[in-house]
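Dear colleague,

I am handing over the structure below, and after it you will find my notes on what turned up when I went through it. Please read them with the structure open beside you.

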Amino acid sequence: MVRIARERIATLFALAEREAATGQPELADRYVGLARRVGTRYNVRLLPEFRELYCRGCSAFWVEGRTVRTRLRSGRRVRTCLRCGRTRRSPTREARPAVASAVESDRPSVPRDDVVLAELPTEDESGDEVEDETEEG
Ligand SMILES: [Zn+2]
């Protein structure tokens with residue numbers, strides 16, 4: 001039942017998107033309302049990508065510029081529903097992988113060939129554990 005509910009929610013959002021783009025926008029809002037009701041009926045959370053698409057106050061399907069206004073305000077994304085005026089704030093994600101990798105690569109590579117070799121158990125000749133053998137220079 002849960003799986004069917006999820007499929008139905010996805011279908012309803014697809015329909016809502018289509019109606020909002022080409023057909024009757026009020027139908028899109030109706031589809032959103034139905035999808036939310038299916039979710040509550042079967043205790044299924046709407047997927048995050050769906051939750052971005054509508055107003056939680058009035059279930060209006062959000063179309064940028066028509067039913068929602070998006071503004072960036074002090075590092076946040078503020079979206080105002082143009083139908084009921086409800087606002088929703090979400091942080092703008094700033095992934096900073098460049099800094100982390102820079103720190104990682106800044107770490108000096110320790111020339112520890114001698115240390116590793118000295119600490120290796122001499123009776124084990126399989127060489128499975130020697131994975132750091134990077135020869136530099
Ligand atoms: Zn609204």
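**What was found**

Of the 137 residues in the protein chain, 23% count as buried. Please keep in mind throughout that this is a predicted model, so that every value here is computed from it.

**Overall layout**

**The strands**

Strand S1, which covers residues 68-73, and strand S2, which covers residues 76-81, run antiparallel and are joined by 6 bridges. Within this pairing, Val68 stands opposite Cys81 of S2. The two strands form a hairpin with 2 residues between them, and in the turn Ser74 has a positive phi of about 45°.

S2 also pairs with strand S3 (residues 87-91), again in the antiparallel sense, and here the pairing extends over 5 bridges. In this second pairing Arg79 faces Arg88, which belongs to S3. The hairpin of S2 and S3 has 5 residues between the strands, and Gly85 takes a positive phi near 85° there.

**The zinc site**

Which residues coordinate the zinc ion? The donors are the SG atoms of Cys55, Cys58, Cys81 and Cys84, at 2.3 Å. The angles that the 4 donor atoms subtend around the zinc ion run from 103 to 115°, and the arrangement is therefore tetrahedral. Along the sequence, the donor residues follow the spacing C-x2-C-x22-C-x2-C. Cys55, in the loop between helix H3 (48-51) and S1, and Cys81, in strand S2, are 26 residues apart, and this pair links distant parts of the chain.

Are Cys55 and Cys81 buried or exposed? Cys55 has a relative accessible area of 0% and is therefore buried, and Cys81 counts as buried because its relative accessibility is 2%, the cut-off for buried being under 20%.

**An arginine in helix H3**

Arg51 lies in helix H3, and with a relative accessibility of 23% it counts as partly exposed, a class that lies between the cut-offs of 20% and 50%. If you look for Arg36 as well, you will find that Arg51 and Arg36 are 15 residues apart in sequence, while their C-alpha atoms are 9.7 Å apart in space.

**The cavity**

How many cavities of 30 Å³ or more are there? The count comes to 1, and the volume of the largest cavity is about 30 Å³. Its lining is made up of Ala20, Pro25, Ala28, Asp29, Phe61, Val63, Arg66, Thr67 and Arg83. Sorted by class, the lining of the largest cavity has 5 nonpolar, 1 polar and 3 charged residues. Helix H2, which spans residues 25-41, gives the most to this lining, with 3 residues.

With best wishes,
A colleague

Conventions
Residues are numbered from 1 along each chain as its sequence is written. This is a predicted model: local features need pLDDT of at least 70, side-chain atom pairs count only at pLDDT 80 or more; totals for chains, interfaces and linings use all residues. Side-chain values use heavy atoms; hydrogens and water are left out. On a 1 Å grid over the protein atoms alone, a cavity is a set of points where a 1.4 Å probe fits but cannot get out, and a pocket is an open set with protein on both sides within 12 Å along at least five of seven lines; lining residues have an atom within 4 Å of a point. Grid points are joined across faces, edges and corners, and a volume is the space filled by probe spheres set on the points. Helices (H or I, at least four residues) and strands (E, at least two) are DSSP runs, numbered from the N terminus. Ala, Val, Leu, Ile, Met, Phe, Trp, Tyr, Cys and Pro count as nonpolar, Asp, Glu, Lys and Arg as charged, and the others, Gly among them, as polar. Two strands pair if DSSP finds at least two bridges between them. Donors are N, O and S atoms within 2.8 Å of the metal (3.2 Å for Na, K and Ca); water is not among the atoms, so sites may look incomplete. Four donors count as tetrahedral if all angles lie between 85 and 135 degrees; four count as square planar and six as octahedral if opposite donors are over 155 degrees apart and all others between 65 and 115; anything else is irregular. Buried means under 20% relative accessible area, exposed over 50%, partly exposed in between (1.4 Å probe, protein chains only).
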